[in-house]
Amino acid sequence: MAEVPCETEKKRRRVDEQLDNMQSADDHTELNWQGRWDHVTCFLNRTGPLAHPDFEGGPQTMNFVQEICQVLVVGAGGLGCELLKDLALTGFRQIHVIDMDTINISNLNRQFLFRPRDVGRPKANVAAEFINNRVPGCNVVPHFKKIQDYDESFYRQFHVVVCGLDSILARRWINGMLVSLLIYKDGQLDTSSIVPMIDGGTEGFKGNARVLLPGVSACIDCTLDLYPPQINFPMCTIATMPRLPEHCIEFVRVLQWPREQPFGENVALDGDDPNHVQWVHQKSLERAEQYGIPGITYRLTQGVIKRIIPAVASTNAVIAAVCSFEVFKIATSCFKSLNNYMVFNDVDGLYTYTYEAERKEDCPACSETTQDLTFPSSAKLQHVLDHLMESPALQMRCPAITATIHGKNKTLYMQNVASIEAITRPNLTKTLTELGLADGIELLVADITSPQTLRFRLRLKSCA
């Protein structure tokens, strides 16, 4: 039975209707009424002890923020909604937002730019419409795309990129793209080619914000070991010795669903389909009862299926505010920017800490040096593949390996193209010497974690 909306909900709907009918004013006076930007210009009209050495106070800085500065917001979810609101109310008008997702009902509790009527629509489009209607003069341009759908020319147009992502893979890809924009002249970095990246992340009551200057400060790949590994339950545990409610749900998801195919042959499990989730929930309850395991709920079931990271609206608001202020500081130089990593925790009380993450000189993503890969001459190509995927400093997903032999590129293994994978699979069991790889040879590795092809130097050591 449908719920009857309370009076507060009715009032909110009336406000939403008024906002939908509101037209952006064309008159300059209406867009900039007296005192509208006093909360911002008080920082910009004169310098201070905390200002960057290059800062010069005056109205020209606010003009840059409003009319010239191009900002890209990556992600229009919990963090992205907060970022768009904060940036628009700080005076930024030339904003782009990119997101590949559509709105589902579970988003509505914290992604406040969306309403029940928006379910099924692209997040980027709805968020842009809402901000443009609410903040007259703001021009948010939506992109209902994957970040990988755009090339260097798209990303080069922005003065700063700010990310509100829930994916390490997406962070690494954006990081790699901004690194690829760097221009070096006679071995020296051209600072005009740097596009700063502000990155925010939240999980429950914890969060972090960081400022990345590609080619200057630590990048995402420099600090991969800061990210917790994705939790995967051993197959032997979920199949024979379940101890947690998550084990029961994983058993149904991984083993029982493909075996029983409850909704037809080759129908994939959809975590947003209530019928699918309910089936997994019921089967998980049955398995949990066999082993005396309590705690199976519908919400937990959907969370395990979708690998949902717990989100708290207040944490999103805090981290987005910090990130937006860092965008403002970089765009105006009115304050020195964060150097360069801030952690936030309000589980028990309130705690923040800032430290400088150090750049790795041999970082495969942002350093100019070619990293060595050292293996015994008897090692097999499978060992190289495992190292690329399991090394804490690399953490690749599906690397494709090519070697430069006598000036020609030879594909050793590629797994994301089925026909090529079948042809190159036998190479995995061959030793590096059997493949004709000598000490010092160059390996080219492509992976979905980066838009760039990474270069490594193979070092072979004899087996004494």
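A disulfide here is a pair of cysteine sulfur atoms within 2.5 Å. Keep in mind that this is a predicted model.

Cys42 is partly exposed, at 47% relative accessible area.

Now Cys222. Its sulfur lies 3.6 Å from the closest cysteine sulfur, the one in Cys366. The cut-off is 2.5 Å, so this pair is too far for a bond as well. Cys222 is buried, with 2% relative accessibility.

Next stop, Thr449. Where does Thr449 sit? Look in the loop between strand E14, residues 442-446, and strand E15, residues 454-461. Buried or exposed? Thr449 is buried, at 5% relative accessibility. Its side chain makes a polar contact with the side chain of Asp447, at 2.8 Å. Leu169, Arg172 and Trp173 are among its contacts. Gln395, Met396 and Arg397 are also in contact with Thr449.

Last, helix H12, residues 298-306. Which residues of H12 are buried? They are Thr301, Gln302, Gly303, Val304 and Ile305. What do they pack against? Two helices: H10, residues 245-260, and H11, residues 274-291. After H12 comes Arg307. The phi of Arg307 is positive, near 55°.

Terms used:
Residues numbered from 1 in each chain as written. Predicted model: local features only at pLDDT ≥ 70, side-chain atom pairs only at ≥ 80, totals over all residues. Heavy atoms only, no water. Buried < 20%, exposed > 50% of the residue type's maximum accessible area, 1.4 Å probe, protein only. Helix = DSSP H or I, 4+ residues; strand = E, 2+ residues; numbered from the N terminus. Polar contact = N/O pair within 3.5 Å; in protein donor to acceptor, adjacent residues only side chain to side chain. Contact = heavy atoms within 4.5 Å. Lists of a residue's contacts leave out its neighbours within four places in sequence.
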